[in-house]
Amino acid sequence: MDEKGIERALARIAHEILERNKGTEGLVVLGIPTRGYGLAQRLQSIIEGIEGVRLPTGAVDATLYRDDLGIKKEQPSLKKMDIPIPIDGLTIILVDDVLFTGRTIRAAMNALMDFGRPRSIQLAVLVDRGHRELPIKPDYVGKNIPTSLKEGVRVRLKEIDGMSEITVIEKE
Amino acid sequence: MRFKGKDLLGIEDLDASDIDLVLSTAESLREVSEREIKKVPTLRGKTIINLFYEPSTRTRTSFEIAAKRMSADAVNISVSTSSVVKGETIKDTAKNLEAMKPDCIVIRHSASGVPMMLANYVKCSVVNAGDGAHEHPSQALLDMLTVKEKKGAIAGLKLSIIGDITHSRVARSNIYGFTKLGAQVTVAGPPTMVPPGIEKLGCRATSSMDDAIKDADVIMMLRIQLERQKESFFPSVREYSRLYGLDEAKLNRAKKDVLILHPGPINRGVEVSSEVADGPHSLILDQVTNGVAVRMAIFYLLLGAAKE
Amino acid sequence: MNRLIIKGGRFLDPVAGIDGIFNIYVMGGRVASFKPAYADTTEITPGPGVEVIDAKGLLVTPGLIDVHAHLREPGFEYKETIRTGTLAAAAGGFTSILCMANTRPVNDNESVTRYIRKKAEEEGVVNVFPVGAVSVGQNGERLTEMFELKSAGCVAVSDDGMPIVDGGLMRRALEYSKICDLPVISHAEDPTLAGSGAMNEGEVSTRLGLKGIPGAAEESVVARDIALARLTGGRLHIAHVSTRGSVELIRMAKEEGLKVTAEATPHHLTLTDEAVLKYSTNAKMNPPLRSSGDVEALRKGLKDGTIDCVATDHAPQSIMEKDIEFDRAANGVVGIETAFSLIYGLVAEGLLTLNEAVSAMTIEPARAMGLDKGTLRVGSAADIAIIDLAKGWTVDPAKLRSKSKNTPFAGMTLKGVVEKTIVGGKTVYSRE
Ligand SMILES: [Zn+2]
């Protein structure tokens with residue numbers, strides 16, 4: 001998938017979000033850094049283009065809530081946590097690039113609960129590659145890409161990586 | 001990226017990338033203290049012992065809050081120096097504490113080198129919370145974070161540290177830290193309190209307060225121990241204050257956007273006048289806030305990854 | 001009478017100006033004769049009462065002499081005893097040592113001196129010469145009965161371990177000791193300048209945040225004591241010289257013809273204060289390790305004779321005194337087993353000749369203290385060291401004979417291995 005494909009998928013997701021929530025009322029878009037946050041910003045501008053409303057958009061870094069800290073030798077560096085408005089009673093559109101085991105989403109939801117009590121959380125992902133380890137299901141999916149565990153899915157966005165593409169790569 | 005080594009004993013041992021990592025991690029963690037629920041589950045199940053051989057409510061509290069905000073269990077042990085003389089050696093204490101399976105020991109001691117001794121005796125992480133006149137790495141890191149927050153970067157800045165350099169661990173750690181990040185450091189004080197060979201640490205030394213403040217972007221005033229007067233390091237508080245105290249008259253000769261740091265607690269009217277301490281240039285309270293973030297970052301970096 | 005023959009070694013005796021391959025014949029504990037090996041046609045065979053040591057390829061010298069050791073007995077037997085200290089000395093090639101008076105009780109009267117000598121006779125393996133105190137209890141107040149101390153066997157007086165602060169007392173000591181011709185050994189230190197310093201004052205102390213002891217703390221007292229030697233005509237020996245300034249002062253005093261001698265330790269001749277980095281308490285001693293400039297001056301001083309001799313300042317300390325905070329840790333290093341190898345290291349570096357090194361560890365210390373030792377003549381007590389200069393060894397504290405293990409040289413590989421030490425014709429140390 002290239003830039004065009006990504007844009008099409010996001011446009012579809014944007015429409016689905018608006019349809020399901022009957023407009024933009026009470027919505028906030030939060031992306032998981034780095035690329036989930038990039039996608040959240042894109043969704044914000046697509047929705048603005050459709051509805052003329054600029055949704056509050058921010059970042060939710062799940063690192064401090066991960067369940068593998070102290071297990072992995074490689075230590076993740078902390079990223080941006082930016083919750084733009086109080087989230088009590090709002091509907092959060094949580095955005096990430098690739099949905100895999102579901103553990104990052106679990107961590108991000110725990111993080112959000114520390115900031116308040118949203119009315120609901122909906123999950124939007126660009127790619128769902130399967131292999132869930134937790135009972136987590138996306139509400140909006142750009143593309144399902146079935147993969148084996150030996151493979152990985154790499155998403156690149158032009159605003160972050162200089163080019164846009166989704167590729168399946170062999171893990172070494 | 002992960003932090004090298006199991007301990008944080010001094011800034012001298014770190015390189016610029018280590019310092020940058022602590023500062024960027026602290027910048028991310030600063031937000032936690034702004035929340036309603038000021039706690040993240042990151043270090044659940046970790047035990048941190050604050051072993052303080054010197055009374056220091058401020059530093060100990062800062063470490064304790066940092067540990068708790070990261071969900072670690074913090075235990076405070078205060079040891080009065082008098083009971084140490086009578087009994088247990090550092091080694092005994094180390095072995096005893098280790099038997100309780102802590103993940104980290106934060107140690108403050110009046111004798112230089114004790115954190116290093118402790119680190120050699122125990123397997124868990126050791127954080128130096130100030131040892132003698134040697135180092136106080138978390139203080140220097142919070143000072144760097146505070147300056148970086150206000151000035152954007154450390155490189156190219158001019159820092160002047162003023163006061164009793166000889167007896168100051170804060171001065172040593174900051175000389176190492178700021179020079180590693182590309183700042184120019186000047187130390188100033190009466191010649192009785194500027195130790196021999198201090199230039200070898202990477203700074204310039206002067207006994208002129210004017211010389212130290214005129215081009216400085218940041219002025220760090222050190223606390224003067226009034227007892228030093230008895231040892232003839234300075235003849236009187238009045239004369240010390242007149243020569244090396246920072247008041248508005250001297251501040252007028254500094255840059256307009258100069259920042260004032262002080263590791264606290266301040267002797268008001270001695271090293272810093274009240275107007276200056278409470279004035280617009282003073283970052284003394286930002287330092288306190290950043291202290292918690294820096295110590296959270298230290299715990300995250302030392303305890304947040306699997307052991308080698 | 002028992003006979004001992006040391007065969008085919010390189011015999012070096014700076015006094016006699018001998019350096020060649022000799023067979024040394026010892027009878028009844030005394031040197032009977034030397035024969036150049038090439039000319040010696042005697043049939044040498046071991047048998048009952050005849051011991052033969054094959055010293056081929058080895059250095060044979062008069063037994064080494066240490067004018068500055070702390071044997072710790074009586075009073076601190078957990079650190080060292082006369083037994084363990086003399087075993088250590090023997091392992092270092094030493095056959096005669098002076099032991100300092102800072103025991104408990106202080107060696108300030110003849111009964112303590114006699115106790116030490118009796119113990120040394122019964123349990124010691126090398127010659128032990130006690131040093132008496134200058135002041136009663138080393139309190140720096142009243143002079144000891146020096147004549148009585150000398151009669152009991154003391155060969156010098158010193159308050160070593162404690163500086164003599166009172167210049168008036170030092171003057172009286174230098175004057176009074178002339179009655180019995182005892183040298184006064186000065187531990188030159190001004191405690192008001194040394195303060196609570198824990199190491200040399202300089203860049204390293206600044207880095208480590210430890211209180212420093214400036215060289216001036218030593219030099220000011222060296223200068224005072226030299227002035228007093230001039231005033232009194234007494235015999236002054238400066239212990240453990242550690243600074244360039246002290247070397248200069250002593251050099252001038254000698255040029256002037258004053259009765260001043262001086263010693264330097266192997267550690268001050270080989271280490272700088274950088275050995276203290278990492279807060280190694282085994283590198284903590286008094287006077288402290290100094291800068292490289294000071295080390296250089298000491299080496300030059302030893303070479304040109306300003307520093308007469310090498311002395312170990314062997315100062316055993318237990319783990320209890322050393323495995324603690326640097327500030328609180330006791331001063332002192334054990335050094336009697338590493339001394340020769342360290343000084344031979346200077347020879348290997350080309351800084352001293354072998355003759356100078358041997359001289360500084362045999363005849364010069366003997367002369368400084370007025371001992372009839374340090375050279376081998378026909379009729380001398382057969383005090384001999386046999387050393388393999390070609391071999392190296394790695395310092396392992398656990399293997400030291402000394403009861404204490406506080407060496408700053410642990411893990412270092414040194415050249416020159418003592419093979420045998422012979423005291424009065426009897427082998428008291430033989431390397432396994
Ligand atoms: Zn001494």
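This is a predicted model: local features need pLDDT of at least 70, side-chain atom pairs count only at pLDDT 80 or more; totals for chains, interfaces and linings use all residues.
In chain A the spot to look at is Lys22(A), in the loop between helix 1 and strand 1 (27-31), where phi is near 50 degrees, a positive value although the residue is not glycine. As background, most residues other than glycine have a negative phi, and most peptide bonds are trans.

Let me turn to the interfaces, beginning with chain A and chain B. Here 17 residues of chain A are in contact with 22 residues of chain B, and the area buried between these two chains is about 1700 Å², with carbon and sulfur atoms giving 55% of that. On the side of chain A that touches chain B, the residues divide into nine nonpolar, three polar and five charged. How many salt bridges are counted between chain A and chain B? The count is zero, while five residue pairs, both members at pLDDT 80 or more, are in polar contact between chain A and chain B.

Next comes the interface of chain B and chain C, where 26 residues of chain B are in contact with 15 residues of chain C. The area buried between chain B and chain C is about 1700 Å², and carbon and sulfur atoms again account for 55%. In chain B, the residues that lose the most area to chain C are Ser112(B), Met116(B) and Pro196(B), which together make up 27% of what that side buries. Across this interface the rule finds three salt bridges, and one that can be named pairs Arg207(C) with Glu12(B), whose closest N and O atoms are 2.9 Å apart. Eleven residue pairs, both at pLDDT 80 or more, are in polar contact across the interface of chain B and chain C. The elements of chain B that give two or more residues to the side touching chain C are helix 3 (81-86), helix 4 (90-98), helix 5 (114-121) and helix 7 (169-180), and the largest share, four residues, comes from helix 5. By class, that side of chain B holds 14 nonpolar, seven polar and five charged residues.

Now to the second largest pocket, which holds about 1100 Å³ of space. Its lining has 33 residues, and those nearest its centre are Arg66(A), Lys72(A), Asp96(A), Asp97(A) and Thr104(A). Helix 2 (35-51), strand 3 (91-99), helix 3 (103-113) and strand 6 (151-156) of chain A are the elements that give two or more residues to this lining. Sorted by class, the lining has twelve nonpolar, seven polar and 14 charged residues.

Because Arg20(A) lies in helix 1 (residues 3-20) of chain A and Asp139(A) in the loop between strand 4 (120-128) and strand 5 (140-144) of chain A, the pair ties together parts that are 119 residues apart in sequence.

Terms used: Residues are numbered from 1 along each chain as its sequence is written. Chains are lettered from A and ligands numbered from 1 in the order in which they are written. Side-chain values use heavy atoms; hydrogens and water are left out. On a 1 Å grid over the protein atoms alone, a cavity is a set of points where a 1.4 Å probe fits but cannot get out, and a pocket is an open set with protein on both sides within 12 Å along at least five of seven lines; lining residues have an atom within 4 Å of a point. Grid points are joined across faces, edges and corners, and a volume is the space filled by probe spheres set on the points. Ala, Val, Leu, Ile, Met, Phe, Trp, Tyr, Cys and Pro count as nonpolar, Asp, Glu, Lys and Arg as charged, and the others, Gly among them, as polar. Contact means heavy atoms within 4.5 Å. Buried area is the accessible area (1.4 Å probe) that two parts lose on being put together, summed over both. A salt bridge is a side-chain nitrogen of Lys or Arg within 4 Å of a carboxyl oxygen of Asp or Glu. A polar contact is a pair of N or O atoms within 3.5 Å; within protein, one must be able to donate a hydrogen and the other to accept it, and residues adjacent in sequence count only if both atoms are side-chain atoms.
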